[in-house]
Amino acid sequence: MGRYWRIFREFFRACFVEELEYRSEFLGNLVSSFFGIGIAILTIHIFFYQTDRLGGWTYADVLVLLGVFNTLKGWIDFALRPNMPRLLEHVRRGTLDYILTKPVDGMFYVSFRHLVFWRLIDVALGLGLIVYGLAEKHYMPSLVDILVFLITMASSLVLIYSLWMMLMTTSFWVIRIDDLSFIFDSFFETARFPIGMYRGWVRVILTYVLPAAVITNMPALSLLGKWNMATALIAGLLAVVFLWLARRFWRFALRSYTSASS
Amino acid sequence: MVRKYAALLRMKYMEMLAYRLATIVWMTGAITQPLITMAVWINIDPSQSDAFFFYFMAVIFVERMTSAWDVWELDREIREGTFSNYIIRPLHPIHWAIAENVVYKLLFLVILIPMWAGAALFVPALRVEISMSQLLLFLAAVLMGALLRFLLSYTCGLLGFWITKVAAIYSVLEVISLFLSGRIAPLSMLPPLLQQWSIFLPFRYMIGFPIDLISQAANGHEVRQGFMIASVWAVIFIMMLQWIWKAGLKKNQAVGG
């Protein structure tokens with residue numbers, strides 16, 4: 001474990017040095033992050049221009065939810081998104097061999113080798129929005145609230161990673177598509193809003209099959225003090241199950257990987 | 001010119017068939033955002049469910065018919081230097097892009113119209129009762145929308161001669177258009193200030209305006225005014241495109257070999 005942490009730090013350092021070559025990008029990235037979250041808030045404003053509840057959530061509640069969403073999205077863009085096209089490229093060209101022969105776990109390497117640390121700005125902005133939403137609501141979360149929030153947030157990260165990894169692993173078969181990440185984005189967009197907003201079978205799917213509801217709604221609800229231990233535990237359990245599935249799927253894909261002839 | 005276009009269209013058609021899976025995935029990719037937005041609006045005002053359903057289905061249709069991807073292509077080609085292959089040919093590179101647009105959008109049309117008709121048999125909310133002339137007006141508006149989006153996207157792409165981040169600039173425009181084109185909400189649901197802006201900016205005419213025509217939300221005066229403003233924008237875009245193209249060629253230093 002300690003070894004992998006060291007390797008991760010080394011990845012981070014390498015990418016950091018690489019990014020420092022392009023220091024002028026900082027301003028652009030800062031602007032785009034602020035722009036992104038500003039637009040998201042504006043969208044919420046437009047909805048609340050016509051109503052005062054969204055799926056049973058007030059304006060401040062939805063802001064907290066949006067903060068959680070933005071934070072998680074920041075993590076995805078930081079650690080996961082940059083690696084997707086690279087894996088496709090490796091599989092297509094057969095250069096995955098070089099990675100598989102390295103003395104590190106292949107799944108770990110392909111999912112974290114490239115990091116775009118500018119996107120950590122989104123994480124910070126998301127956290128800021130959470131605080132602002134709570135202030136707007138005049139709600140001070142208790143220590144237990146925060147603890148449950150941290151647990152559910154960690155489960156969400158693991159869940160996201162697993163779903164993302166499963167999608168990425170399909171690249172062993174569908175190598176013609178340049179970028180699969182928009183499939184994930186389509187699904188993840190549904191997590192932007194309260195789950196109570198969806199009806200019928202869509203809601204069932206988003207709760208149990210593709211747990212968008214769990215990913216953003218649970219952490220937001222925990223911070224707002226509306227958690228219960230059972231659902232938090234289920235979220236944790238779900239995360240472990242999905243991680244296991246992703247791992248199995250990766251192993252399965254590797255078995256069918258035949259490498260490109262050289 | 002006709003023969004050249006016939007050849008171009010055939011070539012692009014072959015290309016599309018070669019990437020069937022990618023085409024299909026790509027075609028279905030853009031539908032979640034409108035569907036989610038629709039869920040939000042139906043949640044806000046359940047009594048208008050049918051109207052919202054019709055509106056956002058129309059958004060998906062018009063969005064597909066007018067979508068423009070040229071900026072990403074140009075951005076990549078100019079940066080990697082492969083754009084030079086097109087510059088040295090005796091035909092303006094824009095014709096390749098136009099042929100590609102025609103082929104893909106005809107395919108979308110051929111697939112989407114029967115889907116809509118089939119769905120309308122079962123879902124009354126999707127049925128439209130309009131006269132032939134209104135239908136023609138709608139199609140003209142869609143064509144106008146496609147033209148505007150294509151011109152904007154191509155012009156932005158040509159900026160790649162000067163800057164490397166044109167895709168980012170275009171995304172900003174796309175996000176602005178999200179609000180002002182009617183994708184986040186029917187324009188009548190927006191705050192009055194944004195509504196006013198949307199009339200004079202080009203974005204509304206890319207998506208919202210055709211939908212207003214087919215749902216008969218616009219009266220005769222608004223229709224004339226709409227087409228006029230859209231045409232003015234089309235002329236502005238064409239002039240910008242020509243100017244940037246000329247200036248860009250002078251600036252161009254083919255990257256790579």
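Visitor: How many salt bridges are counted between chain A and chain B?

Guide: A salt bridge is a side-chain nitrogen of Lys or Arg within 4 Å of a carboxyl oxygen of Asp or Glu. Between chain A and chain B the count is zero. Please note that this is a predicted model, in which local features need pLDDT of at least 70 and side-chain atom pairs count only at pLDDT 80 or more, while totals for chains, interfaces and linings use all residues. Residues are numbered from 1 along each chain as its sequence is written, chains are lettered from A in the order in which they are written, and side-chain values use heavy atoms, with hydrogens and water left out.

Visitor: What area is buried between chain A and chain B?

Guide: The size of an interface is often given as the accessible area lost when the parts come together. Buried area here is that loss for two parts, taken with a 1.4 Å probe and summed over both. For chain A and chain B the value is about 2,200 Å², with carbon and sulfur atoms giving 78%. Ile46(A), Phe47(A) and Gln50(A) supply 24% of the area that chain A buries against chain B, more than any other three residues.

Visitor: How many residues of each chain are in contact?

Guide: With contact meaning heavy atoms within 4.5 Å, 24 residues of chain A meet 27 residues of chain B.

Visitor: How many disulfides does a search of the whole structure find?

Guide: A disulfide is a covalent bond between the sulfur atoms of two cysteines. The search takes cysteine sulfur atoms within 2.5 Å as a pair, and over all chains it finds zero.
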